[in-house]
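Colleague: Could you walk me through how to read a model like this one? I would like to take it feature by feature.

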Amino acid sequence: MAERSNIDARICQRVAELTDRSSPEDWPEAMLVTADELIEIINSELEVATTVPAEVSMPLQCNWYQEDEGSDVWGTSCGSRFTLNDGTPFDNRMEHCAFCGKHIIDNPWPDDGGDEQKGGA
Ligand SMILES: [Zn+2]
């Protein structure tokens, strides 16, 4: 993610890197830039700085919900379904969603008490 506070330094850097420019000998700290060049540089830096990476604007985790008690089908918050032969995604050492790549949060069917294992395989 671009650092907003660096915009001023980045703009100066780009002005300094314009080709075929050398500061006046009697005013070495001055930088030569035309209005058009400066506008272009500022606009491009602003565009970079205000572009929000996708992973920031969306949740970083994907919730997997067991569809029914004892079901081996899990729905995902990114809109897909996945079948697990046994156990939860966590039990199967799945850390990231196979569809969206985000970190998986297990949401097993609520256990109303009693043994959670039904049948077993
Ligand atoms: Zn997902």
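Modeller: Gladly. Let us begin with burial: a residue is buried if 20 or more other C-beta atoms lie within 10 Å of its own, and exposed if 12 or fewer do. Keep in mind that this is a predicted model.

Colleague: Is Leu60 buried or exposed, then?

Modeller: Leu60 has 8 other C-beta atoms within 10 Å, so it is exposed. You will find Leu60 in the loop between helix H3 (54-57) and strand E1 (61-66). Its C-alpha lies 9.9 Å from that of Cys100, and 40 residues separate the two in sequence.

Colleague: What about Val73, buried or exposed?

Modeller: Val73 has 12 C-beta neighbours inside 10 Å, so it counts as exposed. Val73 belongs to strand E2. Leaving aside neighbours within four places in sequence, Val73 touches Glu67, Arg81 and Thr83 by the contact criterion. From the C-alpha of Val73 to that of Asn85, 12 residues apart along the chain, the separation is 8.7 Å.

Colleague: How many of the residues in the chain count as buried, as a percentage?

Modeller: The share is 5% of the 121 residues of the protein chain. The largest nonpolar core consists of five residues, namely Cys62, Trp64, Trp74, Cys97 and Ile104.

Colleague: Which residues is Cys97 in contact with, leaving aside its neighbours within four places in sequence?

Modeller: On that basis, Cys97 is in contact with Cys62, Thr76, Cys78, Lys102 and Ile104. For the chain as a whole, take contacts between residues at least 6 apart in sequence: 42% of them join residues at least 24 apart.

Colleague: How many helices and strands are there in the protein chain?

Modeller: There are three helices and four strands. Read from the N terminus, their order is α-α-α-β-β-β-β.

Colleague: In what order do the four strands form the sheet?

Modeller: The order is E3-E2-E1-E4, in an open sheet with mixed pairing. Strand E3 (81-83) and strand E4 (103-107) are at the edges, each pairing on one side only. From one strand to the next, the twist averages 30°.

Colleague: How many bridges join E2 to E3?

Modeller: Three bridges do, and strand E2 (residues 73-76) runs antiparallel to E3.

Colleague: Now the helices, please. What describes a packed pair?

Modeller: Two packed helices are described by the angle between their axes and the distance between the axes. Here helix H1 (residues 7-16) packs on helix H2 (residues 35-50) at an angle of about 140°, and the axes are 10 Å apart. H1 and H2 are therefore oblique to each other. Their crossing is right-handed.

Colleague: Which residues in H1 and H2 meet?

Modeller: From H1 come Ile7, Arg10, Ile11, Arg14 and Val15, and they meet Leu38, Ile41, Ile42, Glu45 and Ala49 of H2.

Colleague: Is Arg93 buried or exposed?

Modeller: Arg93 counts as exposed, because it has 7 C-beta neighbours inside 10 Å.

Notes:
Residues numbered from 1 in each chain as written. Predicted model: local features only at pLDDT ≥ 70, side-chain atom pairs only at ≥ 80, totals over all residues. Core = buried A, V, L, I, M, F, W, Y, C linked by C-beta atoms within 7 Å. Contact = placed C-beta atoms within 7 Å. Pairing = 2+ DSSP bridges. Helix = DSSP H or I, 4+ residues; strand = E, 2+ residues; numbered from the N terminus. Axes fitted to C-alpha atoms, helices over the stretch in contact; angles between N-to-C directions. Parallel < 35°, antiparallel > 145°, perpendicular 65-115°, else oblique. Left-handed = near helix turned anticlockwise from the far one by under 90°.
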